[in-house]
Amino acid sequence: MVPLTDNNPTQTTPYVVYLLILVNVLVFLYQLSLPVAELEQFFFRHAVVPKDLTVAFNSGDTSLLLPELMTLFTSQFLHGGILHIAGNMLFLAIFGNNIEDKMGHFRFLLFYLICGALAALSHWFFSMDSTIPSLGASGAIAGVLGAYILRFPKAKITTLVPLGFFFFTVRIPAIFFLGFWFFQQAFFSVASLNVPTNVNAEGGVAYWAHAGGFVFGMLLAPLFGLFSRDRYAS
C-alpha cells in the first residue's frame, strides 16, 4: 500500500521537511555522479557499518569513536537506489509536515535526527558483527510515523492499493495504516533474529531500525512538544 496524502491540514510551512528532502535529493544526485568503486568507499565512510561501530565502542579510543558516531547522522542522508529515496521522501512529505507543525521547526529537526540515530543503534544492537553498510532516512522517518500515530490516530490516509493489474484508492485511519506498517517491521525484525546477519542485511531492509525508530518516536515525541498547547490557539 502506498500513501498518497492525508486529510490533516497544517498551519505553518514545513520548511524543515522541505530542507530534509532537498538535502537527501542532492546527496543522492552526488551519489549518482560517483564511479562504483568511489561510491562503495563513500558508503563505507559515511554509512553505519555495525562491526566498525562495535570495534570503536570496544576500543575506547575517542579518535576512532567520534567518526563512527557521526555516521549515525550522515547515514540518514544516503540511499541505495531511486525507489529507496522516493519511498522515504514520500512518507516524509506526507507525515512530517504535521509533526513539524506541532513541534516547531527546530525541535522537529532535533527530533528527526535523534530518532534516526537511535534507529541506527537499534539496528547495530542486533547486528554488531555485520560488515554491510546501513543507510537511509527510514529510521528517522519511522520516528516521525511513531509521533504521527500518537498525535493523529484518526487522520485519514488516502492510500493506493494494487489488486493484480488494477489500482484503487481507499481512505484508511492512520492508526490502522501505520499500525499495520509497524506490525510488519516488528514481525520481520523478530524473524530476522534467526537469520545470519549477512543474509538479512543483504536483503536490503534494516527492520530493527524501522521498528526501533517507530518506538523511539512514540517515546520521545511528547518530550519535543507534540502535545503542547496549540501555538495558534487564541
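This is a predicted model: local features need pLDDT of at least 70, side-chain atom pairs count only at pLDDT 80 or more; totals for chains, interfaces and linings use all residues.
**Notebook: rings, a helix and a patch**

I started with the aromatic rings and found that Phe91, Phe95, Tyr148, Phe152 and Phe177 are joined into a cluster by ring pairs.

I then looked up how many aromatic pairs the structure holds, and the count is 17. I picked one of them, phenylalanine 126 with tryptophan 208: the pair is stacked, at 3.8 Å centre to centre with 10° between the planes. Phenylalanine 126 sits in the loop between α6 and α7 while tryptophan 208 belongs to helix α10, so this pair ties together parts 82 residues apart in sequence.

Tryptophan 208 comes out at 18% relative accessible area, which is under the 20% limit, so I noted it as buried.

Next I checked helix α6, residues 105-125. Its 21 residues should span 30 Å at 1.5 Å a residue, and the end C-alpha atoms are 30 Å apart, so the two agree. I listed its buried residues too, among them Phe108, Phe111, Tyr112, Cys115 and Trp124. What covers them? I found that the cover includes α1, α3 (50-59), α4 (62-74), α5 (82-103), α7 (138-151) and α10 (207-220).

Leu19, Leu22, Val25, Leu26, Leu29 and Leu32 make a nonpolar patch of about 560 Å². I looked up where leucine 26 lies, and the place is helix α1, residues 15-33. A reminder on spacing: an α-helix has 3.6 residues a turn, so residues three or four places apart point the same way.

How values were computed: Residues are numbered from 1 along each chain as its sequence is written. Side-chain values use heavy atoms; hydrogens and water are left out. Patches are made of residues with over 30% relative accessible area and no salt bridge: like charges are joined within 9 Å, nonpolar side chains (Val, Leu, Ile, Met, Phe, Trp, Tyr) within 5 Å. Accessible areas come from the Shrake-Rupley method with a 1.4 Å probe; for residues, only the protein chains shown count as cover. A salt bridge is a side-chain nitrogen of Lys or Arg within 4 Å of a carboxyl oxygen of Asp or Glu. Helices (H or I, at least four residues) and strands (E, at least two) are DSSP runs, numbered from the N terminus. The expected span of a helix is 1.5 Å times one less than its number of residues. Buried means under 20% relative accessible area, exposed over 50%, partly exposed in between (1.4 Å probe, protein chains only). Contact means heavy atoms within 4.5 Å. Rings of Phe, Tyr and Trp (its six-membered ring) pair if their centres lie within 6.5 Å; planes under 30 degrees apart count as stacked, over 60 as edge-to-face and the rest as tilted.
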